[in-house]
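Biologist: I would like to learn how to read a model such as this one. Please take the features one at a time, with the general idea before the case.

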Amino acid sequence: MPVIIPLFRLCRSVLALSFYTVALTCLWLTFIPSPAWSAPPQAAGEPHTAAAPATIGSITFMTEDYPPYNYYENGNLKGISVDILHSVLTRLRVPEDDKRIRILPWARGYKTVLETPNTCLFSMNRSPEREQLFQWVGPIAPNTIVVLARKDRHITVSNGDDLNNYTIATIQDDIAHNMLLKHGYLDNKIVKNPYATSIIEMLNRKRVDAWAYDETVARYFIRQAGYNPNDYERVFLLDSFDTYFAFNWDTDPQLVQKFREAFNALKEEGKVEEIIHNYTK
């Protein structure tokens with residue numbers, strides 16, 4: 001008996017110690033935070049790919065005051081290109097709240113669409129110089145870029161060299177700007193202004209001799225400014241282009257393709273020509 005009792009006490013002490021050890025260990029583990037999971041580090045030089053927008057409604061569309069293609073009238077944005085855009089978005093079932101159209105000065109819109117993914121600028125003339133800068137959908141309609149002057153100025157231009165005899169105004173970053181340079185007009189002679197109405201006033205006050213712009217749009221602005229378009233004449237043809245919807249180069253190509261398919265379907269159905277006729281009849 002004397003030997004058994006100490007052994008019993010020893011076993012009881014060991015069991016008690018083991019129990020307390022396990023209990024303390026469990027308590028300690030509950031207060032240790034689990035290591036946070038993290039994604040594997042990106043390899044050096046590996047490109048970062050931004051998530052693509054889910055719908056066409058994620059794209060911001062931008063335009064300028066460029067009648068009859070896009071312009072404000074009685075507080076409403078309308079025009080050939082605007083109506084075509086709305087028809088395309090409706091066909092793609094884009095909610096009304098996502099049909100975002102911003103009207104901006106051309107230079108600002110052009111800079112934005114060059115630099116910002118998921119943006120589109122319209123109507124843009126598609127030229128060789130711009131070909132690789134954007135994803136294009138169209139054509140919407142033809143454009144004739146001319147040099148326009150008041151008839152009473154009796155300006156004569158036989159070739160591109162003759163242009164340098166006159167002071168010519170353009171809209172900042174408009175296609176006519178590049179066309180003047182292409183025909184040999186000196187860049188430092190170009191009078192740049194973001195607003196057509198301001199250029200018309202400069203023409204009538206003889207602050208400039210002529211205006212390089214789309215002929216149809218220029219005559220519309222002249223009429224809106226309260227002047228007679230018949231008092232102005234084309235003195236030189238710079239070039240002719242088709243207008244398009246121009247999407248930022250990094251915009252998801254699948255979204256642009258969906259837009260293109262909807263546009264082409266409207267064109268095949270005659271809807272695009274019908275819209276153009278409504279503004280030019």
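Biologist: Which side chains does the polar contact of 3.0 Å join?

Modeller: A polar contact is a pair of N or O atoms within 3.5 Å; within protein, one must be able to donate a hydrogen and the other to accept it, and residues adjacent in sequence count only if both atoms are side-chain atoms. Here the side chains of Asn125 and Asn143 are joined at 3.0 Å. This is a predicted model, in which local features need pLDDT of at least 70 and side-chain atom pairs count only at pLDDT 80 or more, while totals for chains, interfaces and linings use all residues. Residues are numbered from 1 along each chain as its sequence is written, and side-chain values use heavy atoms, with hydrogens and water left out.

Biologist: Is Asn125 buried or exposed?

Modeller: Buried means under 20% relative accessible area, exposed over 50%, and partly exposed in between, with a 1.4 Å probe and protein chains only. Asn125 has a relative accessible area of 4%, so Asn125 is buried. In the whole chain of 281 residues, 41% count as buried.

Biologist: What does Asn125 touch?

Modeller: Contact means heavy atoms within 4.5 Å. Leaving aside residues up to four places away in sequence, Asn125 touches several residues, including Tyr66, Arg130, Trp136, Asn143 and Phe241. For the chain, take the contacts with a separation of 6 or more: residues 24 or more positions apart account for 72% of them.

Biologist: Where is Asn125 placed in the secondary structure?

Modeller: Helices (H or I, at least four residues) and strands (E, at least two) are DSSP runs, numbered from the N terminus. Asn125 belongs to strand E5, residues 119–125. The chain has eight helices and 11 strands.

Biologist: In which sense do E1 and E5 pair?

Modeller: Two strands pair if DSSP finds at least two bridges between them. E1 and E5 are parallel, with three bridges, and Phe61 has Cys120 in E5 as its bridge partner. E1 is also joined by three bridges to strand E4 (residues 101–103), again in parallel; there Met62 stands opposite Arg102. Both faces of E1 (residues 60–63) are covered, with Thr60 and Met62 buried on one side and Phe61 and Thr63 buried on the other.

Biologist: Where is Arg93, and is Arg93 buried or exposed?

Modeller: Arg93 is in the loop between helix H2 (80–91) and E4. Its relative accessible area is 76%, so Arg93 is exposed. Although not a glycine, Arg93 has a positive phi of about 60 degrees.

Biologist: Which residues of the largest nonpolar core touch the most other members?

Modeller: In soluble globular proteins, nonpolar side chains tend to be buried together. A nonpolar core is a set of buried Ala, Val, Leu, Ile, Met, Phe, Trp, Tyr and Cys residues joined through side-chain atoms within 4.5 Å. The largest has 56 residues, and those touching the most other members are Phe61, Ile84, Met124, Trp211, Phe245, Phe247 and Phe259. A second, separate core of 20 residues includes Leu163, Leu180, Ile190 and Phe236.
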